[in-house]
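Please read the points below alongside the model.

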Amino acid sequence: MKLAKSANALAGHNAGDAKFASVERYSSVARTVEILSDAWGFLVLRECFFGVRRFEQFQALLQVPRTTLVQRLTKLTELGILTKVPVGGRHEYRFTDAGRDLYPTMLSLLAFGDKWLAGDGLPPLQLFHKSCGHSCSPRVACSHCNQSIEAKRVRYRDGPGAGSEVRTEVRKRSRRTSDPAVLERVRPCSVARTLQIIGDRWSFLVIREFFYGVRRFDEFQSRLGIATNILADRLQRLTEEGVITKRQYQERPARFEYLMTEMGIDLYGAMLVMMRWGDKWLSGGKPPLTLRHSDCDHDFYAKVVCTQCGEELNPRDVSYTLRYQLNAPLSAAA
């Protein structure tokens, strides 16, 4: 309950700003994205997974203003993702169970970024699964049959937490906040590159509606209550990024629909993994949706497994090799 209340509080805005209302269905993925899309908060979480624990280490590595870092560490602690532990007369920030449980989410975002956003170069990290002794990549799988998840092979129905809310949006904050220069500070990062696509709230909501079968501009607008200029901007950006494509379906008058590319469809696995975390830690025990896998005909949740042995991946059993030089003093991360 603490996590859910704190996540909702992240949406607060100044009362004096120009506002408009949007209708938003309850979504565990959206609640998870709200936490990860805060650029500085994400960087702190990422470095925690790389073993950074102390305030001075975070500050030296990320070169973040002290006040900003204090705010993010406080917020992540209040959310129940980090905990402050006294060690040898000093304090360290360590993952709680909820924070550690974000590891599959990070891996699923990493897998998407490695596949689609690495360009001509190799992915920044090479993962090694200690349990089977092989280099591996993360794979999103069904919790019941362990087979890979495909969007067209999943059915859904309302869960006990289904519903919707009218949410007030601030116009001046409708722009994206996932600045690539900030998200990839210090190190190249496939997770950061993925968040540049889905980390913006409106971009995420538009992508989510695609998986509900929405294809046309007026449908997006009526279902989301989104301003026309913002919707046009997000659809254009997602088209330029290769996530969707625009197709004319009528000549007079000219009308268009938007379809997901193979790249866009591949975001489905990462979203289901984020949904699993949100269901577990932000839904108060009442998930908004229940998923059923057509291949095995069982209800399921998405898990992240090793491509070599099929075993579920956890941070204690995975090591990595950096394929880049850290853009900061090594002592900062020691």
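**Notes on the predicted model**

1. Buried residues account for 48% of the 334 residues in the protein chain; buried means under 20% relative accessible area, exposed over 50%, and partly exposed in between (1.4 Å probe, protein chains only). This is a predicted model, in which local features need pLDDT of at least 70 and side-chain atom pairs count only at pLDDT 80 or more, while totals for chains, interfaces and linings use all residues. Residues are numbered from 1 along each chain as its sequence is written, and side-chain values use heavy atoms, with hydrogens and water left out.

2. The protein chain has 14 helices and 14 strands (DSSP runs, numbered from the N terminus: helices are H or I with at least four residues, strands E with at least two). Of the contacts (heavy atoms within 4.5 Å) between residues at least 6 apart in sequence, 72% join residues at least 24 apart.

3. Because 12 of its 15 residues are buried, α14 is largely enclosed by the rest of the structure. Among the buried residues are L267, Y268, W277 and D279.

4. S190 lies in helix α9, residues 190–198. S190 is buried, at a relative accessible area of 3%. Its side chain makes a polar contact of 2.5 Å with that of D114 (a pair of N or O atoms within 3.5 Å; within protein, one must be able to donate a hydrogen and the other to accept it, and residues adjacent in sequence count only if both atoms are side-chain atoms). Neighbours within four places in sequence aside, S190 also has contacts with residues including L109, L110 and P124.
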